[in-house]
Amino acid sequence: MKNQLSSRFLSVQARKIAIYVLLIVVAIQLGLPFFYMVSTAFKSREEIFSGDMVWFPSSLHLDNFITAFNSAPFGRYILNTIFVAVVITLTTLFLCAMAGYAFGRISFPGREVLFVMLILAMSLPGEVTLIPRFLIAKNFPLAGGNDIFGRGGIGLIDSYGGLILPNLMRIYGVFLLRQFFRTLPNELEDAARIDGASEFGIFWRVMMPLSKTALITLGIFTFTAQWDEFIWPLVILNDSNKFVVQLGLSVFYSEHQVDWGPLMAASTIISLPAIFIFIFGQKYIVKGIATTGLKG
Amino acid sequence: MAALIQKLTPKKRWRMTLRTRRAMWGYIFIIPAMIYIIVWVILPLIFAFGLSFTNYDTATADFVGLNNYLEILRQPDTLDVIKNTLRFGLELIALNMAISLFLAILVDQKLRGITFFRTVYYLPVLTSLVVAGIVWSALYDYRTGPINSILNFFGIASQQWLHDSSLALTSVVFVRVWKGVGFNMMVFLAGLQAIPTELYEAASIDGARAWEKFRYITFPMLMPTTFYIFVMASISAFQVFGEIFVMTKGGPAGATKTLIFLIWEQAFQYSNLGYASALAFILLLLVGAIAIFNLVYVNRFVNYDR
């Protein structure tokens, strides 16, 4: 009897160890590209091109970072991206909250039809409309030397407006916040109305503070999605002064094809914000995935 | 009667105005979002549809009827691109779903340090497609890349990966799999944790084995999640662009050219905007087919009893 118990205990322990081994093996496999990026960023030229695999740099060489920042204005790209992403995040939060609030809590004629239209617009892959969006941006009235009919100039091409306006909000944000607003109780709203609050006041002073969690989740997803945005900047920008990080990095790669040291250094720097945001916003990100399967 | 109306009217009128006033605010609140959707989604969609029947190349724009669509069917290159796109999608979805379900089950354990492993598995999701493309190009590098040196360590010859037309597409699929499994793992994990533990307890009492529990409890209960991931993964598989652009530019010899890459190339390299718009509508048909499949079969295959 005692023997049986201890062998059972052993098999539980053995199972635990087996799972840990598996967890570690998978972690090494999935972590390898990340590890290789960071370690190569700190390697010397000789260590990268010696022909033998060097997993750990002999010391933390910073040359690659210096070379990367000297050969392309990554600082400028980072500032451009932060500016564009912050503006887009703020407008997304405001516009999505307003529309989500109306769809979730106010009844008005035509609401259901408009909401179905919104869902359809949300499901449409952006690539389908890439060309006409480019043409609309190029022929945007009164921008970039265009007349009122959108002729004569370059419109929104090579401008921050061209990066921001077509991404002014994310349609899934309306959907996400509508789902959230529907869960709030009516009593708060009624109480505020009895106290004489205006409709906008109810939205701004009662509903918005209650939705902090949902707004932070949407904000994190919007900012990181904008940080990673690639195809639209590629289409709309020629002027390298306006480049955002992903576009700048891809151009840097095409100009320094196999110069892996500086490339890994720049990639590491550009990956940092997303990692910081993840560490600080983990709670919200996990919640966002669990409740909506929302993808940033 | 008149007195009655007079008695009723003020109150009724007040209620009507509150309701109309609220409805008015409803419209005001949605107007900015609706303007955005009209300008940047609906108008472009109509515009793209119209363009797909023209030979618009920034200089001329003549109506050419269905010529662009017929041209797509006639061009063997375009059919290869659609084949590449479908192959990319199938490989990606199969690998991604199998691995992310495995990972979800692996990290759905009450073990010390499990959140650490979840975080490590999620890390690749945080990289951008451009970074992932560049880092994997370094991993695949024939001479300096670690993948070949690991293979050599096990006595396997170095491969050309992205420069070998038979390996290139699958090599790019691996990048997406690596970047995507962590996200789907979290979705699967949420699905797993929503399954009531009583079901497993009851099965244990009945003497069910681990495999039987998976087959008769986990698998059917996870069906809605699986289906959701399948639909999202198939739609996103058709949208692959960034890593192709960075890693192969569609090469070698068109082996990794996918639909979006072709659309981008035709529109912004060769200025064939009409032709590219027709391609965009082919993309819409493919994605729409998945969406309709989703609507039609979602109730038949999926167990929503929970």
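## Close-up views of a two-chain predicted model

**Figure 1. Meet N68(B) and the residues around it.** Leaving aside residues up to four places away in sequence, N68(B) touches S52(B), G274(B), Y275(B) and A278(B). Please keep in mind throughout that this is a predicted model. To find N68(B), look in helix α2 of chain B, which covers residues 67-74. Is N68(B) buried or exposed? A residue counts as buried if 20 or more other C-beta atoms lie within 10 Å of its own. N68(B) has 23 other C-beta atoms within 10 Å, so N68(B) is buried. For a sense of distance, L284(B) lies 216 residues from N68(B) in sequence, and their C-alpha atoms are 15 Å apart in space.

**Figure 2. Chain B as a whole.** Chain B contains 13 helices and 0 strands, so its pattern along the sequence reads α-α-α-α-α-α-α-α-α-α-α-α-α. Taken along the principal axes, the C-alpha atoms fill a box of roughly 100 × 75 × 35 Å. The radius of gyration of chain B is 27 Å, whereas a compact globule of 306 residues would have one near 19 Å. How many of the 306 residues of chain B count as buried? The share is 41%. Among contacts in chain B with a separation of 6 or more, 71% come from residues 24 or more positions apart.

**Figure 3. Where chain B touches chain A.** This view turns to the two chains together. On the chain B side, 70 residues are in contact with 69 residues of chain A. Which helix gives the largest share of the chain B side? That is helix α1 of chain B, residues 2-51, with 20 residues. Sorted by class, the side of chain B that touches chain A has 58 nonpolar, 9 polar and 3 charged residues.

**Figure 4. Helix α4 of chain B packs against helix α7.** Look for α4(B) at residues 114-126; its axis lies 7 Å from that of α7(B), and the two helices pack at an angle of about 125 degrees. That angle makes α4(B) oblique to α7(B). The crossing of this pair is left-handed. On the α4(B) side, the contact is made by Y121(B), Y122(B), L123(B), P124(B) and V125(B). Facing them from α7(B) are W178(B), K179(B), G182(B), F183(B), M185(B) and M186(B). The residues of this contact divide into 9 nonpolar, 1 polar and 1 charged.

**Figure 5. Helix α5 of chain B also meets helix α7.** The axes of α5(B), residues 129-140, and α7(B), residues 168-193, come within 10 Å and cross at roughly 125 degrees. These two helices are therefore oblique to each other. What is the handedness of the crossing in which α5(B) passes α7(B)? The crossing is right-handed. From α5(B), the residues A132(B), G133(B), W136(B) and Y140(B) meet S171(B), V175(B) and K179(B) of α7(B). By class, the contact of α5(B) with α7(B) has 4 nonpolar, 2 polar and 1 charged residues.

**Figure 6. Helix α6 of chain B and the glycine after it.** Helix α6(B) runs over residues 146-153, and its buried residues are P146(B), I147(B) and N148(B). Just after this helix, G155(B) takes a positive phi of about 80 degrees.

**Figure 7. Now for chain A, seen around G173(A).** Chain A has 14 helices and 0 strands, and buried residues make up 42% of its 296 residues. Its C-alpha trace spans about 75 × 70 × 35 Å along the principal axes. G173(A) sits in helix α8 of chain A, residues 171-182. This glycine is buried, with 26 other C-beta atoms within 10 Å. Not counting residues up to four places away in sequence, G173(A) touches T92(A), C96(A), L218(A) and T222(A). L95(A) is 78 residues from G173(A) in sequence, but their C-alpha atoms are 8.9 Å apart in space.

Figure 8. Why is helix α13 of chain A, residues 245-255, described as largely enclosed by the rest of the structure? The reason is that 8 of its 11 residues are buried. Those buried in α13(A) are V245(A), Q246(A), L247(A), G248(A), L249(A), S250(A), F252(A) and Y253(A).

Methods: Residues are numbered from 1 along each chain as its sequence is written. Chains are lettered from A and ligands numbered from 1 in the order in which they are written. This is a predicted model: local features need pLDDT of at least 70, side-chain atom pairs count only at pLDDT 80 or more; totals for chains, interfaces and linings use all residues. Helices (H or I, at least four residues) and strands (E, at least two) are DSSP runs, numbered from the N terminus. The radius of gyration is taken over C-alpha atoms; the globule rule is 2.2 Å times the number of residues to the power 0.38. A residue is buried if 20 or more other C-beta atoms lie within 10 Å of its own, exposed if 12 or fewer, and partly exposed in between; C-beta atoms are placed from the backbone. Two residues are in contact if their C-beta atoms, placed from the backbone, lie within 7 Å. Ala, Val, Leu, Ile, Met, Phe, Trp, Tyr, Cys and Pro count as nonpolar, Asp, Glu, Lys and Arg as charged, and the others, Gly among them, as polar. Axes are lines fitted to C-alpha atoms, for helices over the stretch in contact, and angles run from 0 to 180 degrees between N-to-C directions. Angles under 35 degrees count as roughly parallel, over 145 as roughly antiparallel, 65 to 115 as roughly perpendicular and the rest as oblique. A crossing is left-handed if the near helix is turned anticlockwise from the far one by less than a right angle, and right-handed if clockwise.
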